[in-house]
Amino acid sequence: MGPFIKSKDTTTKIMIRLLLSLLPIILFSFYKNGIIPFLHDKVGILGLFYPLIFILVGVISSFVFELIYALIFKKDDYKEYIKESYSIFPGLFLAMILPINVPIYVLILGVFVSVLSKVLFGGFGKNLFNPALVGYLFIIIIFSSSFSSATYFNKYELDTITSATPLTNESLVTGIGTYDTLVRPYGRLLNFFIGMIPGSLAETSALLCLIGFIYLSVTKTIKWRIPVTYISTVFLITYVIGSYLDQSLYYPFFHIFSGGLMFGAIYMATDPVTSTVTPIGQVLQGVFLGILTVLFRFIGTEGVAFSILIMNLFVPILDNICAKSRFNIIKSLGLFLIAWLSIIALCLYFSYINKGPNDPDFDIISKNKNGSKTTYVVTQKGYGGTIKGEIIFEKDKIISFNILSNHETKAKYDLIIQENYLNKIISNQENLDNLDTVSSATVTSTALKKMVINTIEDYK
Amino acid sequence: MKVKISKKRMTQDELVVFNKPSKVYIPLISGSDTDITILVKKGEYVYKGSIVAKSKGNFRIPIHSSVSGTVVDFVEKTSFSGEKIKCILIENDFKEKIEVKPTVKKEINKYTKDEFIENLKENGIVGLGGAGFPTYVKYDTNKIKTLIVNAVECEPYITADECLAKQKCEEILETIDAILEINKIEEAIIAIKKENIKLKELFDNFIGTYLKIKIKLVPNIYPMGWERTLISEVTGKQYNKLPIEKGIVVNNISTIYAIYEALKYNKPLIEKVVTFSGEKLKKKCNVLVKIGTSVDEVLKSLGVLDGVIISGGPMMGVAVSDAVICSNQNCVLVLDKPNDIPMKCLKCGKCVSVCPAKLSPVLIMNFKCKTDKDKLKLSKLHPERCIECGLCSYICPSKINVRETIKNKKELLKGDK
């Protein structure tokens, strides 16, 4: 039976191109998480190669688990089965989206769940959910402590960056954040683009993801419509919200460059098996992914993985409707209406109900609870710029208040120190409104007072 | 996504004539209609061009002998589309004797419309592009505004129309002009592929005096030759069932030339140009063959190596053995045996993006049809609109024969009705 000529492209070639496009990202991760800490004497030889080892463990365990499955359940043709199941990918992707300090055994357990989710649906080509993300979800639920500043930061970052990872940044939870709280702690926006920020092993570099996207789109390897509509939807919504709340253009760029968005949109959402096959379906899938991700981010959690898993569930429905809308575009109009209305609703909701603190000069950078102690890192606008302070509560009382950095005039700041004003604030913490300011340094002392008042308000 | 499949050029432009078959097997088929009345008996002597059979259906198309000689037997052979059909076996006496026929007008544009239609009907002119639809039926209306001459031949390898057009350029333009005049059609558009620029230049040399004939270049994509794609590309019009709804008639170059011979010499449809090509054929060329010639006999004369014999182009053709040349045949290929092993579908969606009929092949393929309710759901994906162009199978990276699965689903729904 014909056709008697076939295109030269094969599934295996598609997978090889996918691997090739991942290679620069893996090497960058090696550079950022291995070479840099090594050059700064933060880690030894093992630490140098640790990022590569971590990814390799994911790859090998993924292959081994599926091989075991094939040997047990597909005895007769396990060789054929393995040949066309591309079994390294779930483990590879899972390792790439995990923080570097996740224990190896957690990674292996996650890979096990990934492979399980794949084979339970009938193996390659049949799984409904993206296997790597199922493993990721499992780790989030069972080993939630795997996701904190402590696991995301490599040894070098741990010493140089005092803030949390960009999207676990407290100011995003309590409001929409500011340039000073979102971007400044990690340098500038360019670092986000290049990928020199804390984050999962291979998710940080937007630049390399974009290069991979161009390569994969030109070679017709991935469904390009999904990442394009996904990322632009996130950009659009955050642009509208940001500009309404007086944030400049940095704000939407911060959102599309941070977290797992770039990597997720380009590599995870386009997983051929778990994404839509119809062009209109791909556009809709991308738009809905964007809506979900923004929603998750504004209610305080990084939602790329959740968004993709949720949309996986709707892929068969989208495909069914969009296959019919190829004959008659009106049939997909309902879905587009839902998408547009959701975008408008999201923009309106988060623009008007900005959950930020009442004082626009105040911001919380991090909040860490450790037993009965809670440590805040906060900023408040002073006379010469923002003042960064650390406030520690124990049993509902402030036990320590330190200034981490300030841009106040030296003479004025010295006055504060002379007056022992910080300790005065601690001892008068119940009655701060009546505490006198320091004469000749009124603005600075008022700022410090307000900083503590605002923090106490948040603590309650 | 548009698929470009470059035409594998043959070495020579010459037209090889193969007019001495020892015997011919006149296929008893008209279009897809095999309900044919045989009008000759065993042992009867027939002339070249004698009517030997007639279709029973609505159109009553005559079928002619392509040689002079004796009817020997009625045998089964393989047709163009790969099915077994009945054929009249006629032993060639190589005398090429022609029955005396009424004289014809020397000027082909002096026919009245009725005479024109009668002539096409009597000479058994059918569409030579693929479906074999009787040509006179297309012209039996006053609604025609545009005649599109299809010189596209979008499948790789096939150059039969191109070769014929290069040889008979003037005759073809003359015929188009006559058709316009006889049927009072406003304009004719010759559609030529962009890659075939030389053919356009050739037509340009002769087109000067024919003001109503235009040439339009169309993209080198497959399936550009499909009527629906071609009409939408050339005129921007969409139609529901037949192009005549929009006042359009499409004929390909071979059909136009067959009309020329019918009008000029009263010559019935008994021979045509067929492309013989493929990696496993020593001499690749276009051959003027008599209808009913055994494919194997022609291949033998061209020197064939071991391979699969395909009737039709590489995309839509079928593997055949023991085949005869039918009137709507345009190509015979001898290719390497395909050895792709199908793998699991990864749902890349490429078949969806290439489908010219806007189907979603992967969804139709993976649709599990068990109950009648399922069938109703399946029918909403319109597998019956598949034109079997084969692009989905061509593009599939997992080398799955997607088209066959769509065809099966199509049959499943048909059986239900």
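Q: A charge sits over a ring if NZ of Lys or CZ of Arg is within 6 Å of the ring centre and within 35 degrees of the ring normal; what makes B:Lys77 a case of this, and over which ring?
A: B:Lys77 lies over the face of B:Tyr25, and its distance from the ring centre is 4.2 Å, to be set against the limit of 6 Å. The charged end of B:Arg385 meets the rule across two chains, sitting 4.6 Å from the centre of the ring of A:Phe327. This is a predicted model, in which local features need pLDDT of at least 70 and side-chain atom pairs count only at pLDDT 80 or more, whereas totals for chains, interfaces and linings use all residues. Residues are numbered from 1 along each chain as its sequence is written, chains are lettered from A and ligands numbered from 1 in the order in which they are written, and side-chain values use heavy atoms, with hydrogens and water left out.

Q: How many aromatic pairs are there over all chains, and why is the pair of A:Phe65 and A:Phe112 called what it is?
A: There are 27 aromatic pairs over all chains, a pair being rings of Phe, Tyr and Trp (its six-membered ring) with centres within 6.5 Å, stacked if the planes are under 30 degrees apart, edge-to-face if over 60, and otherwise tilted. The centres of A:Phe65 and A:Phe112 are 5.2 Å apart and their planes stand at 70°, so the pair is edge-to-face. A:Phe65 belongs to helix α2 (residues 45–73) and A:Phe112 to helix α5 (residues 104–120), both of chain A, so the pair ties together parts 47 residues apart in sequence.

Q: What makes the pair of A:Phe193 and A:Phe257 tilted?
A: The ring centres of A:Phe193 and A:Phe257 are 5.2 Å apart and the planes meet at 50°, so the pair is tilted. A:Phe193 is in helix α11 (residues 189–194) of chain A and A:Phe257 in helix α14 (residues 250–257) of chain A, so parts 64 residues apart in sequence are tied together. A:Phe193 and A:Phe257 also belong to one aromatic cluster with A:Phe235, A:Tyr239 and A:Phe253.

Q: What makes up the lining of the largest cavity, by class of residue?
A: The 15 nonpolar residues in this lining stand beside five polar and two charged ones, where Ala, Val, Leu, Ile, Met, Phe, Trp, Tyr, Cys and Pro count as nonpolar, Asp, Glu, Lys and Arg as charged, and the others, Gly among them, as polar.

Terms used: Helix = DSSP H or I, 4+ residues; strand = E, 2+ residues; numbered from the N terminus.
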